[in-house]
Amino acid sequence: MQITMQTIDRIAAAVRSKTKTQPRIGMILGTGLGDLAEAVNSPVMIPYASLPDWPVSTVVGHTGRLVVGDLENQPALVMQGRIHFYEGYTMQQVTLPVRVMQRLGIEILVVTNAAGAINPDFVPGDVMLITDNLNLAGMSGLNPLIGPNLEEFGPRFPDMSQAYDRQLCASARKVAHEKGVLLREGVYAGLSGPSFESPADLRFLHVAGADAVGMSTVSEVIVARHGGTRVLGFSGISNKANLDGDTATSHEEVLEAGRILVPKLETLLRGILQTL
Ligand code: HPA
């Protein structure tokens, strides 16, 4: 399905008809991190299913609605649950919500995800500031910008040299230091999933420079940057990636880690939003 400006604008109009909030911050909550939406004041809830053409998430741990309201006095639109490529959607559908947010006028996109730790220093419950990503899906031909370029948003060949906004990263480090939150940082590798990685996959990712691995985020960041949106990204480390093949990874442990991660992410986000 080719996403057109008409599709994007139809959804944006539907969102506008349900809330007067003009969001400045967009946020995508990853697996197990949905409770972060409770930080939004005076929320208006918009189920994805009530929006025309909005892809609906089918994964346990993803509620499937927009929560629009104020977060630390910033008007925000929060996606409680994201859509993944492995659910069978196209990359254009997966990133359609980012296009809608851009039409609604967001300036900053905060992406969060659950991820496996490849860096041996990281443990479940750690928060990792994403400083760069490995676009593995893109390297195998799954880039969300393939197809006619939407000139209204940006150029045919967008730059990705500083995809994760340096000023926002600096702000995250400062807030983490002030609030006593241990903040890891590193490179996020985005794979399509849904199978977890084999030990050989993980050893490959390790030598390629990845610190964490997951099944989302990178395509959303590409579309955000194509449209000039500033990006801040966090991985919630839910499990140690299993480079030696001794233990299995499960979706349940990913959900469990979210409970530890949500308060840390909330502290960081509140602090960062206060500095804007
Ligand atoms: N691999 C891929 N995606 C994930 C993982 C993992 O180990 N943990 C959470 N999401």
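**Close-up views of a predicted model**

**View 1. Pro194 sits in a loop between strand S7 (183-190) and helix H6 (199-207).** Helices (H or I, at least four residues) and strands (E, at least two) are DSSP runs, numbered from the N terminus. Here, a cis peptide bond joins Gly193 and Pro194, with omega at about 0 degrees. For background, most peptide bonds are trans. This is a predicted model, where local features need pLDDT of at least 70, side-chain atom pairs count only at pLDDT 80 or more, and totals for chains, interfaces and linings use all residues. Residues are numbered from 1 along each chain as its sequence is written, and side-chain values use heavy atoms, with hydrogens and water left out.

**View 2. Asp53 has a positive phi, near 70 degrees.** Look for Asp53 in the loop between strand S2 (41-47) and strand S3 (65-71). Asp53 counts as partly exposed because its relative accessibility is 36%. The cut-offs are under 20% relative accessible area for buried, over 50% for exposed, and partly exposed in between (1.4 Å probe, protein chains only).

**View 3. Asn73 has a positive phi too, near 65 degrees.** This one is in the loop between S3 and strand S4 (74-80). With 71% relative accessibility, Asn73 counts as exposed.

**View 4. The largest nonpolar core has 79 residues.** Such a core is a set of buried Ala, Val, Leu, Ile, Met, Phe, Trp, Tyr and Cys residues joined through side-chain atoms within 4.5 Å. Trp54, Leu66, Val100, Phe234 and Leu268 have the most contacts inside it. Helix H8 (residues 251-274) gives the largest share of this core, eight residues. A second, separate core of ten residues includes Leu134, Leu205, Val213 and Ala241.
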